[in-house]
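Thanks for coming. I'll go through one structure this morning, starting with how its strands pair. Please have the picture open.

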Amino acid sequence: MAAQEQPIKLLVVEDDPGLQRQLRWSFEGCETAVASDHDSALAELARFTPAVVTLDLGLPPDPGGTSEGFRLLDEILVRAPDTKIIVVTGHNDRDNAVRAVGRGAYDFFEKPIDPDLLGMMIERAAKLARLEQDYRKLASTVPASPFGELIAVSPQMLEVCRTVEKLAPTDVTTLILGESGTGKEVLVRILHSLSARSGRRLVAINCAAIPDALLESELFGYEKGAFTGAVKTTRGKIETADRGILFLDEIGDLPLSLQAKLLRFLQERVIERIGGRQEIPVDVRVVCATHQNLPKLIEEGRFREDLYYRINEATIQVPPLRERRDDAVVLARAFLNRFAAQHRKPVKSFARQALAMIEAYAWPGNVRELENRVKRAVVMADGREITAEDLELAQVEARETPFNLREVRELSEMQAITRAIHHSDRNLSRAAELLGITRPTLYNLMKKYSIPN
């Protein structure tokens, strides 16, 4: 084997003593440990932390089968997912070798052993392990971006990011609108981190999660003796956020009885605790969010119009995930990487059909639903790949969008022709006119794509 800066740490899992000696002798340049069964292999894995493992699937007590080998393979991938496993198989056992790769092995090698070829495979596996380790170290030293937790590639979300960057340095009262699960809370944290108030607290309160009877004291605080149980003076969330940012989540659920008091605070920037007489000035930026239609609530008399205009000095509209198709796959991959590392699972990617389903699904629960689906799929997946079945989106009819430019052009052409025919109520002369082509050309294209007259 070629000289290495540091010897490759290699674990040989093989129950044949003669083959053990041959492999140890063949790879003298490696730092090698040997195990002959499931338990000793796991013990060496913990003690030795190898970069590469060569694994014979036929281990005792099932040396003639593969059950013990596959059991050990799965456990190594869970306990040391970054370790590269090379499965060593018999000459006529290619099917099991392919199964092993599908479950997470790096590669397979057929007996009889050729030390030179196997050595090259071990070197490649070790090099990949080192590169992955170097990448993780480099990633950990890169300064965190305020937008790091927000993953966006769609034009709609990139525009949202630009709006956040513009609003962050100001003290403008900001209203964030969007369906539940779209990431409004993430935007508030980014707004805070980019603002001049980032060194001060971000205080959040969910107006829908606290009973109406308690919400006023949570927001404005109370004086000692103001009511039964008020044994000491307590500051409210607004006062606690002084010189920082106050985030009022689900502002649409704020009861009418409190809307007038909140409006006075926003106008005067002073509060009075419950049971108090003293006006307390508060320097705070207010950010609100809701999934509700506030103009409709105003029409129904459930939300004050003057409060709406006070909290709506600037608006950030967060689009639902179904309108951000490009984001769904990117988000799914990010969630996969995070949860695979968190749960120490060997899952590395999505199957093509799974990606097609992610693109096609409407995601009524938005990013939160996607995150939960991917998390469960990572936990339940058997191999290195998440399948469509793992996502449990069986009802979705997903068509894979081609990447080949010719196929894309033909697909677009066929869709345009079909649409023109429908819009013209099957008047082919009118359809040809809409398409900007002659009627004979339309007939030829309909024949090409098997579109009925």
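Start with strands β7 and β8, the latter covering residues 245–249: 5 bridges pair them in the parallel sense. Keep in mind that this is a predicted model. Within that pairing, V203 sits opposite L246 of β8. Helix α7, residues 184–194, packs on the sheet and touches β6 (174–177), β7, β8, β11 (285–290) and β12. The direction of α7 makes about 165° with that of β11.

Now the sheet itself. It is open, with 5 strands in the order β7-β8-β11-β6-β12 and parallel pairing. At the edges are β7 (202–206) and β12 (314–317), each pairing on one side only. On average, neighbouring strands here are turned by 20° against each other, direction ignored.

On to the other sheet. Its 5 strands run in the order β2-β1-β3-β4-β5, and this sheet is also open with parallel pairing. The twist from one strand to the next averages 20°. Strand β4, residues 84–89, runs parallel to β5 and is joined to β5 by 4 bridges; V87 has F108 as its bridge partner in β5. Helix α3, residues 67–79, packs on this sheet, in touch with β1 (9–13), β3 (52–56) and β4, and its direction makes about 165° with that of β3.

S154 lies between α5 (115–141) and α6 (155–167). Is S154 buried or exposed? Its relative accessible area is 1%, under the 20% cut-off, so S154 counts as buried. Beyond its neighbours within four places in sequence, S154 contacts R324, D326 and D327.

Key:
Residues numbered from 1 in each chain as written. Predicted model: local features only at pLDDT ≥ 70, side-chain atom pairs only at ≥ 80, totals over all residues. Heavy atoms only, no water. Pairing = 2+ DSSP bridges. Helix = DSSP H or I, 4+ residues; strand = E, 2+ residues; numbered from the N terminus. Axes fitted to C-alpha atoms, helices over the stretch in contact; angles between N-to-C directions. Contact = heavy atoms within 4.5 Å. Buried < 20%, exposed > 50% of the residue type's maximum accessible area, 1.4 Å probe, protein only.
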